[in-house]
Amino acid sequence: MRVAGILGAIVIGSLNVASSQVVSANSVEPTVYAYCQQFQTLYTLIREQRVAPDSARIAFSGIMKGLQERFRSVDSFQPDSAQRDSLRRTGRYFAFPLRGYAPSAIGGTHGEGYRGNGFDLFDYNVRGSHPAQDIFISDRNQDYLDDRTRQPVDILSMSNGLVLGIETGWLPGSEYRGGNWIWIYDPTLHGLFYYAHNSHITVAPGQWVQAGQKIGEMGRTGFNAYKSRSPTHLHLMYLQIQPDGLPLPLNTYSWLLSARLSR
């Protein structure tokens, strides 16, 4: 099946996808908002195992290449690979994703919780990898609130970007692991940030966010994160989009160490 056909089928199929978020788009033109709809629908189909992994890869690649092309028309979104590497090395580019917290809240020692081998975004049955950093808050009674302030902990966007998709309908008992999640596309880095286990989400697909902007609140949603054995944390993943449009996980640990902190 041609890429255009798969993408078209995904948009049409969004009418029947069992997701709490359905993004509407009346135009057949490939607008940025339409790409958000396609991504939202595709990720839901992957989660529900209603699309074959190979078909999902083709559709995902088409969405990512389309987004990159849309942003290429803006001069500020055309850095080369050397410029992107330079941005990733500077702390001024990133914001630490938890308000009131610092790198000491990152799980493990020296970021060793990251395990990228075996990751496959397109096959929901693949298990064992953990291409992410978990960032923990002080929440001994697991009520989602910071033990020090008795207030919710804000989740902040690490960089400027476009909100591609969200999930807000997770309920206890659901087998879905990410719970309430947020996907944000950074067109400067040409990559995706994934924020999982949120209690509340304060952004919507198609919305542009700035580094350090609140996008949600800390939670315990998700099949494993909801269990009492799991301390309350943010699951943060970054996927670098390759020239073929497919994702490669990268460890965000060094970025977190140098990111700007928010009080």
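**Exercise 1. State which residues Leu98 touches, leaving out those up to four places away in sequence.**

Solution. Contact is taken as heavy atoms within 4.5 Å. With residues up to four places away in sequence not counted, Leu98 touches Ile135, Phe136, Ile137, Val153, Asp154, Ile155, Leu156, Met218 and Leu234.

The structure is a predicted model, in which local features need pLDDT of at least 70 and side-chain atom pairs count only at pLDDT 80 or more, while totals for chains, interfaces and linings use all residues. Residues are numbered from 1 along each chain as its sequence is written, and side-chain values use heavy atoms, with hydrogens and water left out.

**Exercise 2. Describe the largest nonpolar core and the elements that give two or more residues to this core.**

Solution. Begin with the terms. Buried means under 20% relative accessible area, exposed over 50%, and partly exposed in between (1.4 Å probe, protein chains only). A nonpolar core is a set of buried Ala, Val, Leu, Ile, Met, Phe, Trp, Tyr and Cys residues joined through side-chain atoms within 4.5 Å. Helices (H or I, at least four residues) and strands (E, at least two) are DSSP runs, numbered from the N terminus.

Next, apply them. The largest nonpolar core has 31 residues, and those with the most contacts inside it are Leu98, Ile135, Ile182 and Tyr195. Two or more residues of this core come from each of β3 (161-166), β4, β5, β9 and α5 (253-258). Ala59, Leu162, Tyr185 and Ala196 are among the members of a second, separate core of 27 residues. In soluble globular proteins, nonpolar side chains tend to be buried together.

**Exercise 3. Characterise the largest pocket by volume, lining and residue class.**

Solution. On a 1 Å grid over the protein atoms alone, a pocket is an open set of points where a 1.4 Å probe fits, with protein on both sides within 12 Å along at least five of seven lines; lining residues have an atom within 4 Å of a point. Grid points are joined across faces, edges and corners, and a volume is the space filled by probe spheres set on the points.

The volume of the largest pocket is about 820 Å³. It is lined by 34 residues, of which Ser129, His130, Arg177, Asn224 and His235 are the closest to its centre. At least two lining residues come from each of α2 (32-47), β1 (133-136), β4 (180-186), β5 (191-198) and β9 (233-241).

For the classes, Ala, Val, Leu, Ile, Met, Phe, Trp, Tyr, Cys and Pro count as nonpolar, Asp, Glu, Lys and Arg as charged, and the others, Gly among them, as polar. The lining then divides into 16 nonpolar, 11 polar and 7 charged residues.

**Exercise 4. Is Tyr144 buried, partly exposed or exposed, and is His190 buried or exposed?**

Solution. Tyr144 is placed in the loop between β1 and β2 (154-156). Its phi is positive, about 75°, although Tyr144 is not a glycine. With a relative accessible area of 27%, Tyr144 is partly exposed.

His190 lies in the loop between β4 and β5 and has a positive phi of about 55°, although His190 is not a glycine. At a relative accessible area of 7%, His190 is buried.

**Exercise 5. Locate Gly179 and identify its contacts.**

Solution. Gly179 lies in the loop between β3 and β4 and is buried, with a relative accessible area of 3%. Not counting residues up to four places away in sequence, Gly179 touches Glu167, Trp170, Thr221 and Gly222. Gly179 and Gly222 are 43 residues apart in sequence, yet 3.6 Å apart in space, C-alpha to C-alpha.
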